[in-house]
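Q: I should like to learn how to read the local and overall features of a protein model. Please take me through them one at a time.

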Amino acid sequence: HPRRLSTATRTTGPGTRGAARFREVSDSSQFSRPRPTAPSGVLVRRAVVADRDAVWPLVLELPRHDPEREAFERSFGPLLAALDTYFAVAELPDHGVVGYLLANRHLTFASSGVVCRVEEVAVLPQHRRQGIGRHLLKSAEEWAAEVGARRVGLATGLSKEFYVSGGYAETAGFFTKRVEAPAAPAATGDDAPWAPSAAAGD
């Protein structure tokens, strides 16, 4: 159910490189520093199909990424429906969707069960430093607790102070490498697609 929230601070999206940070879910409501008041009426809720065009500009705000609109369109629906995914947006009454967060859960050995990982979080530049990013992160921590996760993790090369102030501890380095899909074998013989022959004349 949608929840109206009132306090927090800013965030930008986590990058693909940098330190991996985790926090225990059980103390997710505890923050070590005072937080500024967020705009009145901030609403964090699950994303819906109608949010598609509002989320795309936010995806473009993620650092160190070069997203493709076609891939975004292919992924949007499946991410909304995935049971192991938390896809939320933050709304302001007079501005619509101004932020989003994407997280997922998976089983691990080292953490003795389920871990939730925040993959993406972004807020529009003109609405940063207002508590919206922290609201999104808090909603992910609450989801993690609901699904039985032991920890919440994320990787970021930016905003270290933001995550530390939210109770996250740096635990490891994080590296990524791009991989290419294998090329499809050339069709031959009966497997070759049919194409009409060029007409000799009309």
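Q: In which loop is Ser112 found?

A: A word on the model comes before the answer. The model is predicted, so local features need pLDDT of at least 70 and side-chain atom pairs count only at pLDDT 80 or more, while totals for chains, interfaces and linings use all residues. Residues are numbered from 1 along each chain as its sequence is written, and side-chain values use heavy atoms, with hydrogens and water left out. Helices (H or I, at least four residues) and strands (E, at least two) are DSSP runs, numbered from the N terminus. Ser112 lies in the loop that joins strand S5 (96-108) to strand S6 (113-123).

Q: What is the phi of Ser112, and is the residue buried or exposed?

A: Most residues other than glycine have a negative phi. Ser112 has a phi near 60°, a positive value in a residue other than glycine. For accessibility, buried means under 20% relative accessible area, exposed over 50%, and partly exposed in between (1.4 Å probe, protein chains only). Ser112 has a relative accessible area of 54% and is therefore exposed.

Q: Where is Arg129 found, and what is its phi?

A: Arg129 belongs to the loop between S6 and helix H3 (132-146). Its phi is near 60°, again a positive value in a residue other than glycine. Because its relative accessibility is 65%, Arg129 counts as exposed.

Q: Is His127 buried or exposed, and which residues is it in contact with?

A: His127 is located in the loop between S6 and H3. Its relative accessible area is 8%, so His127 is buried. Contact means heavy atoms within 4.5 Å. Leaving aside neighbours within four places in sequence, His127 is in contact with Leu92, His95, Val98 and Ile132.

Q: How many residues of H3 are buried, and what span should the helix have?

A: The expected span of a helix is 1.5 Å times one less than its number of residues. The 15 residues of H3 should therefore span 21 Å, and its end C-alpha atoms are 21 Å apart, which agrees. H3 is mostly covered, with 11 of its 15 residues buried. Among them are Ile132, Arg134, His135, Glu141 and Trp143. Just after H3, Gly148 takes a positive phi of about 85°.

Q: Where is Val147 found, and which residues does it touch?

A: Val147 is found in the loop between H3 and strand S7 (151-156). With a relative accessibility of 21%, Val147 counts as partly exposed. Not counting residues up to four places away in sequence, Val147 touches Arg105 and Cys116. Val147 and Asp84 are 63 residues apart in sequence, yet their C-alpha atoms are 9.0 Å apart in space.

Q: At what angle do the axes of helix H1 and helix H2 cross?

A: Axes are lines fitted to C-alpha atoms, for helices over the stretch in contact, and angles run from 0 to 180 degrees between N-to-C directions. The axes of H1 (residues 52-59) and H2 (residues 69-81) come within 11 Å and cross at roughly 130°. Angles under 35 degrees count as roughly parallel, over 145 as roughly antiparallel, 65 to 115 as roughly perpendicular and the rest as oblique. H1 and H2 are therefore oblique to each other.

Q: Which residues of H1 and H2 meet?

A: On the H1 side are Arg52, Asp53, Val55, Trp56 and Val59, and these meet Arg69, Phe72, Glu73 and Phe76 in H2. The residues of this contact divide into five nonpolar, no polar and four charged. Here Ala, Val, Leu, Ile, Met, Phe, Trp, Tyr, Cys and Pro count as nonpolar, Asp, Glu, Lys and Arg as charged, and the others, Gly among them, as polar.

Q: Where is Tyr100 found, and is it buried or exposed?

A: Tyr100 is found in strand S5. At 1% relative accessibility, Tyr100 counts as buried. Leaving aside neighbours within four places in sequence, its contacts include Val55, Leu58, Phe87, Val121 and Leu136. Tyr100 and Val59 are 41 residues apart in sequence and 8.5 Å apart in space, C-alpha to C-alpha.

Q: How many helices and strands does the protein have?

A: The protein has four helices and eight strands, in the order β-β-β-α-α-β-β-β-α-β-α-β along the sequence. Of its 202 residues, 40% are buried.
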